[in-house]
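Please read them beside the structure itself.

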Amino acid sequence: MSKVYFAPARAMKWRYDESMPGKLERLLKEFHLADYIRPDEWVAVKTHFGSEGAHRIVRPVFLRKVVDALKSIGAKPFVTDTVRIKALDYLEVANQNGINHLSVGAPVVLGDGLYGNDNIMVKAGEPLGEISIASVIHDVPAMIVCSHVKGHIQAGYGGAIKNVAMGGVSARHRECGWKCGRGAMHTIGEGELIWAEDQCELCNQCMEICPLDVIKFEEGALQWDANECWRCGRCERVCQSGAISLPKDNERFMRALAEAAKAVLGTFNAGKVIYINFLTEIQPECDCMPVADVPVIQDQGILISDDIVAIEQASVDMLLKAPPLPQSISEEKTISKGDDILFKLSGKPYHLQIENAEKIGLGNRKYDLIELK
């Protein structure tokens, strides 16, 4: 069985070692980073910068602890993500959310460049064929994946697999556009946006959230630029009247996540990627949205492993054992302790991403949980 190290969130004594940053330091020492990463080796610390209004990301203090641990063994870390909105805006969002060179102690760079099209095509298996991997992530010899565990309206569960799959892949490619980028995971076929005029309330939320400004309304009718659109699905997610949709298949999406993760991880030699899952501020939606709802589950702690499948299974197991929090969306959806909270929040077969990742050889769902003493 794969080993997954765990530090619980509860602080039982009034001492620094019992704090979450202190426990992360201890976890990183217990894990022996030097067994995976050489001195002077460049290391990508992959995370999600969040959004304007979405602040429940992996906190900068935790990223700093990872950076400091890497520096202590002589490695040269940098913090990175791929373009989610226009790149200069995204760097400013990162700064607003506290992620900058001063706070994390390392350079903060965009993995696929200022225009989001610095990438390299890599074979990704069925159903994607090929997909564009961010050039920085493709070329760097080692990576630590710092994932904020949460719900997700399309994936059902967002952890390390989604962070690697969606975050290691660019939104588009210079020649084949969104069809070679993460948009190929979000939708099927030609990815045509469907607008139901009779359901539309003309609230303009879809237009406001579009990262590329490709949606507009003219004389009460929705217009969109199909050539420039990334097919990120933000417009569909914020449409509370159900007037916008993109064609998709839940099972295909879960397979695509696993295959994209394999394509990204396949650019590294064995034993060069480490995963840290932060089960904190567990909100019902992705960090790319313009808001962060209140947590639906109490903080559980921090997990670390060199097996992406094992750490994901361990994270899900913890979430399913935890009671839902009051005054959250759990009450609206009448979720009780013992329910599959992730499925009831989204209705998505989230477990398939982990099962498919195991089937294609990314790891083992059987794990040995080692709790920090």
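1. Among contacts in the chain between residues at least 6 apart in sequence, what percentage join residues at least 24 apart? The value is 74%, where a contact means heavy atoms within 4.5 Å. This is a predicted model, in which local features need pLDDT of at least 70 and side-chain atom pairs count only at pLDDT 80 or more, while totals for chains, interfaces and linings use all residues. Residues are numbered from 1 along each chain as its sequence is written, and side-chain values use heavy atoms, with hydrogens and water left out.

2. On overall dimensions, a compact globule of 373 residues would have a radius of gyration near 21 Å, and the 20 Å of this chain agrees with that; the radius is taken over C-alpha atoms, and the globule rule is 2.2 Å times the number of residues to the power 0.38. Of the 373 residues, 57% count as buried, where buried means under 20% relative accessible area, exposed over 50%, and partly exposed in between, with a 1.4 Å probe and protein chains only.

3. The chain has 14 helices and 16 strands, which are DSSP runs numbered from the N terminus (helices H or I, at least four residues; strands E, at least two). Strand β1 (residues 2–8) runs parallel to β16 and is joined to β16 by five bridges, with I370 in β16 as the bridge partner of Y5.

4. P290 lies in the loop between β14 (273–279) and β15 (301–305) and, at 38% relative accessibility, is partly exposed. Leaving aside residues up to four places away in sequence, P290 touches E52, G53, A54 and I209.

5. The structure holds one disulfide, a term that stands for a pair of cysteine sulfur atoms within 2.5 Å. C176 and C180 form this link, with their sulfur atoms 1.8 Å apart, and the link is left-handed, with -130 degrees about the S-S bond. C176 is partly exposed at 29% relative accessible area, whereas C180 is buried at 10%.

6. The sulfur of C206 is 6.3 Å from the closest cysteine sulfur, in C203, and is therefore too far for a bond. C239 is likewise in no disulfide, since the nearest cysteine sulfur, that of C203, is 6.2 Å away.

Note on methods:
Pairing = 2+ DSSP bridges.
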